[in-house]
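Here's a structure to explore.

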Amino acid sequence: MKEPLVPVIPMSHTAHIRSHRKPRRSATSSIALRAGVAGGVLSMAAAGASASASAAEPVTQTIELPTLTADLSAQVAQSAAATQQAAANYELRAERDAAAKAATEAKKDLAEAKKKAEAKKKAAEAARKAAAERANRSTERATLSASASTSTSVSAPAGGSVATVIAFLKAQVGDAYVMGATGPNAWDCSSLVQAAYKQVGVDLPRVSQDQSMAGTDVPLSSVQVGDILYWGGKGSAYHVGVYIGDGQYLDAANPSKGVVIQDLSGYPASGAVRVL
């Protein structure tokens, strides 16, 4: 392979001296420089013209809205239908809840009515039973009165008159206590004692104060069956009863107890009198 030939350019005889060398300006460099300057000027002019145009005419942008398609319309209709169905379901549920509440209230009212009817029935049954018991006691009193007028022999620790008094008193057990009542189914303390002794022909005063002054005074340690017991001062007694033996007495006690038999130890008397 042959080596390329290098052209030989003749130099002047003073070329080797720096001061005698004359710099050469490349034609290509000059042309490039002139072209660059011209391009820069043109670029600046174009930029200025573009800026002026932009400032004079503002750019506007148009946005297109989506077109309502058949599918979207169907979705809207379906959503509306679903909303209506939900409203209908809610209304139906509200109606059902109201009906259930009304049924519960009706059931409660029915139960209350049944309860009242049952209570009324029991009260009527109790009243009927009480009336029957009163009728039985009235019959028993009549029988005792007849027995007292035909017989003087009864099972009692004292004489026949005392036995009649005690029998009459026991027949009244369960009667009501009513202040001022005089029988035959309701008594106060002194009216019961008065009625009992009247069975054997003894007329006692009506009130307890006067009854405590009747007959003969008896020490409480020597009290016998048929003696009248009183509570309070002699002549100012506020309550009376009759001793029936075994440490017990019978009296028309109070509105809550009625006619009952009680222990003397639970409510000791103030004094006693004997009228038989």
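The average pLDDT of the chain is 77, and 63% of the residues score at least 70. Keep in mind that this is a predicted model. Residues 51–56 have a pLDDT below 50, and beyond near neighbours in sequence this stretch has zero contacts in the model. Residues 143–158 also fall below 50, but that stretch has nine contacts beyond near neighbours in sequence.

Now for the aromatic side chains. The structure holds three aromatic pairs. Two of them involve tryptophan 231, and here they are side by side:

| Ring pair | Centre to centre | Angle between planes | Kind |
|---|---|---|---|
| Tryptophan 231 and tyrosine 249 | 5.1 Å | 50° | tilted |
| Tryptophan 231 and tyrosine 267 | 5.2 Å | 15° | stacked |

Why is the second pair called stacked? The planes of tryptophan 231 and tyrosine 267 are at 15°, and planes under 30 degrees apart count as stacked.

What do these pairs tie together? Tryptophan 231 sits in strand β4 (residues 228–231) and tyrosine 249 in strand β6 (residues 248–252), so their pair links parts that are 18 residues apart in sequence. Tyrosine 267 is in the loop between β7 (259–263) and β8 (271–274), so its pair with tryptophan 231 ties together parts 36 residues apart in sequence.

Tyrosine 267 is partly exposed, with a relative accessible area of 34%.

## Strands around β8

Next, take a look at β8. Strand β3 (residues 216–218) runs antiparallel to β8, and three bridges join them. Valine 218 stands opposite alanine 272 in β8. Strand β4 also pairs with β8 in the antiparallel sense, over three bridges. Here, tyrosine 230 has glycine 271 in β8 as its bridge partner.

## A tucked-away helix

Last stop: helix α4, which covers residues 189–198. Eight of its 10 residues are buried, so the helix is largely enclosed by the rest of the structure. Among the buried residues in α4 are Cys189, Ser190, Ser191, Leu192 and Val193. Ala195, Ala196 and Tyr197 of α4 are buried too.

Notes. Residues numbered from 1 in each chain as written. Predicted model: local features only at pLDDT ≥ 70, side-chain atom pairs only at ≥ 80, totals over all residues. Heavy atoms only, no water. Buried < 20%, exposed > 50% of the residue type's maximum accessible area, 1.4 Å probe, protein only. Helix = DSSP H or I, 4+ residues; strand = E, 2+ residues; numbered from the N terminus. Phe/Tyr/Trp six-rings, centres within 6.5 Å; stacked < 30°, edge-to-face > 60°. Pairing = 2+ DSSP bridges. pLDDT = per-residue confidence, 0-100. Contact = heavy atoms within 4.5 Å.
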